Amino acid sequence: MSALAQPLAASLVQSVDWLAVAPPTVAAVVGLAVLVADLFVGGRRKALLGWASVAGLAAALLLLLPLLDGDRATFCLTGDTHACSYVADPFTLVIQFLVLGGALVAALLSVTALKDADRGLPEGEYWFLLLSSAAGAALLPASRDLATLIVALEVASLPAFALVGLRHGDRRSSEAALKFFLSSVTATAVSLMGISFVYASTGTLYLNRIADRVQDVDGQLTTLVHTGVVLTLVGFAFKTAAVPFHFWVPDTYVGAPLPIAAYLSVVGKAVGFSGLILVTVVALPSYADVWGPALAALAALTMTAGNAGALRQRATRAYSAVRLLAWSSVGQAGYLLVPIAAAAYSDDPERSIGSTVAYALMYAAVNLGAFAVAALVGRTKPRNRLSDYRGLYASRPLTALLLAFFLLCLAGLPPGIIGLFAKVTVFSAAVDAGLGWLAVIMAVNVVVALYYYLQWTALLFRAAPEGEPRRHPAPVPLTAAIAVTAVLAVALSGAPQLVLRFADTGLF
Amino acid sequence: MIDINESVMQFLLAFVVVGPLLGAAAALLPAPPGLKGKSPEQAVLRHGVTVTGAVLIAAIVLALGFDHDHPSRMQATTDIRWIPALDVRIHLGIDGISLPLLVLTALLTFLCALYTYFKTPPGPTPTAFVALLLVLESGTLASFAVLDLLLFFLAFEMVLVPMYFLIARWGGEGRAEAAWKFILYTLLGSVVMLLGLLLIGLRAGTFDMMALATDNGRSLTTSVQVIAVLAVGIGLAVKTPMWPLHSWLPDAHTAAPTVGSVLLAGVLLKMGTYGFVRILLPIAPDGFRTFAPYLAAFAVVGIIYGSLACLALARRGAKGDLKRLIAYSSVGHMGFVLLGIATMTPTGVNGALFANIAHGLITGLLFFLVGALKDRTGSTDLDTLAQRTGAALYGRAPRLGGLLAFGAIASLGLPGLAGFWGEMLALFGAFDPGTGLSRPAFLTFMAVAAFGTLLTAAYMLIVVRRVCMGATGEDTPHLPDVRRYEFAAWTPLVALTVVAGLWPKALLGLTDPAVQQLLAGGPR
């Protein structure tokens with residue numbers, strides 16, 4: 001090779017920091033391996049696939065540890081180390097931890113669900129789809145250009161559609177998948193259009209370059225940029241299930257296998273809001289006057305719609321427990337949006353973003369916990385109505401106490417201290433940014449939400465309906481899932497600083 | 001009075017706050033061998049008495065070790081970082097304002113636990129009852145002991161869930177609705193209060209009550225103070241309760257079990273008025289001055305409204321419930337407390353704090369007595385009780401009748417009993433309100449409130465007339481008189497009512513220096 005060719009080759013062949021990209025990569029590789037292994041593993045040993053996936057997700061989580069020492073960036077433009085496609089900064093790591101941890105708990109729930117389904121669900125495909133979706137979700141917070149962002153978004157969502165519709169011959173399941181798919185694809189198409197507008201007017205896809213260039217766009221192109229910004233936001237708002245893109249949620253949650261509903265409620269949300277944060281705060285800070293009010297209004301509408309929907313649930317309707325969790329997750333998405341909206345008005349947007357991250361971590365732990373208990377109850381009472389939870393304390397005291405704790409955390413009332421303080425950080429972000437009206441709307445919503453959370457909690461301690469149900473031993477993976485979330489929630493209640501510190505430090 | 005090492009005092013205060021919580025957790029576990037008692041129920045009820053007793057002893061030792069020469073100084077203070085991200089510190093301490101409330105809470109909860117031991121309310125397991133009672137105690141004690149705004153909010157919220165379950169599970173008729181009303185009203189108020197607290201904390205840069213009180217509102221602009229006082233005031237006013245935000249109270253009291261009513265009236269309502277004195281007066285004085293006349297006006301309306309409601313309930317044929325009547329009388333009494341605070345003078349605030357304690361003792365006693373009456377006759381409906389001539393308690397159960405008459409007389413503010421001083425000082429305060437407040441307006445309020453005392457006397461005497469007096473015939477069934485455990489639970493309340501009435505300095509000596517300091521610019 002000539003002396004001239006060497007620098008050329010160096011500029012063409014990027015050096016990749018494999019350690020930085022390890023967490024999503026491991027998840028994806030294990031997913032592929034499981035899919036292939038499915039062909040060679042006999043019917044009896046299919047459970048091994050599940051445990052391999054759980055191990056893969058755990059390994060991906062562990063690989064976050066070596067990244068803690070400092071910011072890493074890779075897939076950068078040669079000659080310009082500031083324009084990178086993949087960055088592993090504190091924000092990335094926290095969201096990856098949330099996403100992979102959420103996927104891990106969902107995987108634990110799935111192990112039991114697949115076993116109970118007794119080949120009703122194709123195992124190899126199931127694990128492949130779950131792991132691919134988790135890999136996409138873990139890639140998303142790290143991506144720092146719009147193309148990678150969209151690719152990650154699609155990698156995270158496309159397998160999710162398939163997972164929702166995976167129950168063969170179940171009409172509700174297919175219908176849910178179709179609803180989910182159609183609304184999601186529309187939203188993606190719209191946001192792709194928005195991205196193309198933004199690209200057309202700024203000439204770059206890197207988020208930090210957009211932030212610089214969007215400020216001095218040619219006067220003729222301002223309308224184009226404005227439209228682009230709004231359209232881009234629409235796509236991400238869909239993923240967080242913000243109003244008016246929330247209608248797919250309850251049907252999808254009910255139609256999907258329960259672990260997938262749990263997965264979507266946490267990881268799906270994380271994907272949506274981390275994408276929103278990247279687009280708004282990182283790429284378009286100068287357009288705060290456009291997206292700030294829009295997000296504030298969206299937050300107010302979303303929490304109100306979610307809580308109104310949850311209030312309407314009747315206890316005796318089939319799957320009312322899952323429906324309630326679905327609607328409440330819409331309401332919680334509204335709270336998550338509040339600090340992002342506040343970031344538009346704040347002098348220190350990173351602190352506001354930190355509030356969202358802290359709230360999301362709390363929400364992930366307790367919501368997954370609630371879903372895990374729902375999965376446990378659903379094993380003996382497959383219709384999973386709210387009224388099936390009546391007298392749970394009599395048959396399973398510890399489970400009932402934990403569910404009560406999770407629900408009170410979601411409601412934000414002591415003894416759910418972490419829920420209370422997570423809400424306090426969100427409130428303080430709003431008050432600090434001068435969004436008093438939004439804080440008041442949220443306050444009213446917190447009270448409304450208390451009604452249905454507490455009603456459910458109270459139901460647990462009622463006298464059990466006649467005919468003491470036979471006690472079924474809880475399977476190990478389910479117990480593990482409940483234990484992990486419970487330990488997290490209780491530990492956080494004692495030391496809220498563990499997650500709240502993100503509301504105090506720069507994440508980017 | 002006695003010299004106790006500062007670190008022991010710190011430990012005692014921490015124990016008072018945390019002890020009941022640990023006790024609540026322990027109550028859920030099965031009793032260890034050796035403490036099993038006759039039955040699991042008996043063991044857990046005894047556990048409740050033991051824990052609340054230990055807390056009461058700790059509170060009394062705290063009161064004895066308290067430096068009575070410097071009641072304005074914060075004592076037994078602990079200050080630990082907890083959540084640096086939100087600037088929340090575990091900051092505990094007591095001064096002359098919080099000490100009496102702390103002791104009152106510990107005493108009332110102990111008496112309630114004692115009463116429950118002998119007279120378990122009908123309902124689900126006593127295990128849950130004891131655990132909830134202990135969580136409730138921890139929350140109330142914490143709200144009087146903490147010196148951090150967000151921690152105060154946490155403590156304020158902590159009482160909601162246990163009280164909800166106490167009403168909804170062990171209550172009487174209409175309990176579910178009453179419990180919902182209680183928790184939704186209070187929560188709505190306290191979430192609005194949180195917004196006000198956050199506004200104060202974020203604008204002033206600290207959530208520490210001591211630092212904020214010393215600052216005396218200097219780092220907050222008047223407009224911030226006005227908004228903060230409005231928001232925080234609404235939350236506290238719901239809890240107090242102030243007319244017209246009181247409508248949850250009569251239902252909650254009527255439906256709650258005896259012990260729940262005693263604690264609700266005796267302790268929980270005080271958290272509201274304590275918040276006014278501890279947070280709003282020193283931290284946002286300018287904002288408070290703006291709203292003081294309105295607060296006083298609402299307070300006075302509450303006094304008159306409460307009395308008129310009671311008079312209406314006490315009428316013959318009104319189907320008035322005795323518990324409901326006492327609940328409405330609480331609205332009136334808390335009106336005096338709010339009037340005293342609204343004057344922004346040491347006299348008025350001292351009166352308010354005195355009336356707070358007096359109301360806790362007297363109304364606690366009255367709810368106990370009415371509960372006992374209900375156990376004996378099966379009803380608290382005045383018309384059912386009184387029949388044509390009157391319930392004739394003097395004849396049928398003379399001691400019970402005597403105690404009820406004592407409670408009623410104390411409640412109407414007879415000089416020489418605890419109810420008198422607080423209301424008189426509150427009126428005195430209104431006679432000469434603080435600087436910047438309109439004197440004619442407050443004179444009017446004073447006159448109206450004074451008229452309210454007459455109305456109070458009227459309905460209390462009607463109650464005594466209809467319940468205690470009356471003709472006893474041959475066929476009227478005899479009622480069991482006061483039992484021994486009832487004596488044990490009520491005697492302390494009666495004794496303290498008399499002591500506070502005859503020797504008000506015992507209490508005023510504690511509160512006055514602290515109040516002077518608070519109004520002048522925060523505790524040291």
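## Ser15 of chain A

Ser15(A) is exposed: 9 other C-beta atoms lie within 10 Å, and the cut-off for exposed is 12 or fewer. The model is a predicted one. Ser15(A) sits in the loop between α1 (5–12) and α2 (18–40) of chain A. Thr74(A) is 59 residues away from Ser15(A) in sequence. In space, the two are 8.0 Å apart, C-alpha to C-alpha.

## Helices α6 and α7 of chain A

Helix α6 (residues 146–164) and helix α7 (residues 171–202) of chain A cross at roughly 170°, and their axes come within 9 Å. That angle makes α6(A) roughly antiparallel to α7(A). On the α6(A) side, the contact is made by Leu146(A), Ile150(A), Glu154(A), Ser157(A), Phe161(A) and Val164(A). On the α7(A) side, the residues include Phe180(A), Phe181(A), Leu192(A), Ile195(A) and Tyr199(A). Ser173(A), Ser184(A) and Thr188(A) are also among the α7(A) residues of the contact. By class, the contact has 11 nonpolar, four polar and one charged residues.

## Where the chains touch

Chain A gives 27 residues to the contact between the chains, and chain B gives 22 residues. On the chain A side, the elements that give two or more residues are α17 (417–432), α18 (436–460) and α20 (497–500) of chain A. The residues of this side divide into 21 nonpolar, three polar and three charged.

## The hairpin of chain B

Strand β1 (residues 75–83) of chain B pairs with β2(B) in the antiparallel sense, over six bridges. The two strands form a hairpin with four residues between them. Asp87(B), in the turn, has a positive phi of about 60°. Two opposite positions can be picked out along the pair. Asp79(B) stands opposite His91(B) in β2(B). Arg81(B) stands opposite Arg89(B) in β2(B).

Strand β2 (residues 88–94) of chain B has six of its seven residues buried, so β2(B) is largely enclosed by the rest of the structure.

## Leu308 of chain B

Leu308(B) lies in helix α12 (residues 285–314) of chain B. Leu308(B) is partly exposed, with 15 other C-beta atoms within 10 Å. Ile83(B) is 225 residues from Leu308(B) in sequence. The C-alpha to C-alpha distance between Leu308(B) and Ile83(B) is 48 Å.

## Helices α4 and α5 of chain B

The axes of helix α4 (residues 126–145) and helix α5 (residues 149–158) of chain B come within 8 Å and cross at roughly 150°. An angle over 145 degrees counts as roughly antiparallel, and α4(B) and α5(B) are therefore roughly antiparallel to each other. Their crossing is left-handed.

From α4(B), the contact takes Val135(B), Ser138(B), Gly139(B), Ala142(B) and Ser143(B). From α5(B) come Phe152(B), Ala155(B), Phe156(B) and Met158(B). The contact residues divide into six nonpolar, three polar and no charged.

In helix α18 (residues 418–431) of chain B, 12 of the 14 residues are buried, so α18(B) is largely enclosed by the rest of the structure. Among the buried residues are Phe420(B), Trp421(B), Glu423(B), Met424(B), Leu425(B) and Leu427(B). Gly419(B), Gly422(B) and Gly429(B) are also among them. The buried residues of α18(B) pack against α13 (322–342), α14 (346–377), α17 (398–411), α19 (439–467) and α20 (484–502) of chain B.

One of these partners is α13(B). The axes of α13(B) and α18(B) are 8 Å apart, and the helices pack at an angle of about 40°. α13(B) passes α18(B) in a left-handed crossing. On the α13(B) side, the residues are Phe336(B), Leu339(B) and Gly340(B). They meet Gly422(B), Glu423(B), Leu425(B), Ala426(B), Gly429(B) and Ala430(B) in α18(B). By class, this contact has five nonpolar, three polar and one charged residues.

Methods: Residues are numbered from 1 along each chain as its sequence is written. Chains are lettered from A and ligands numbered from 1 in the order in which they are written. This is a predicted model: local features need pLDDT of at least 70, side-chain atom pairs count only at pLDDT 80 or more; totals for chains, interfaces and linings use all residues. A residue is buried if 20 or more other C-beta atoms lie within 10 Å of its own, exposed if 12 or fewer, and partly exposed in between; C-beta atoms are placed from the backbone. Two strands pair if DSSP finds at least two bridges between them. Axes are lines fitted to C-alpha atoms, for helices over the stretch in contact, and angles run from 0 to 180 degrees between N-to-C directions. Angles under 35 degrees count as roughly parallel, over 145 as roughly antiparallel, 65 to 115 as roughly perpendicular and the rest as oblique. A crossing is left-handed if the near helix is turned anticlockwise from the far one by less than a right angle, and right-handed if clockwise. Two residues are in contact if their C-beta atoms, placed from the backbone, lie within 7 Å. Ala, Val, Leu, Ile, Met, Phe, Trp, Tyr, Cys and Pro count as nonpolar, Asp, Glu, Lys and Arg as charged, and the others, Gly among them, as polar.
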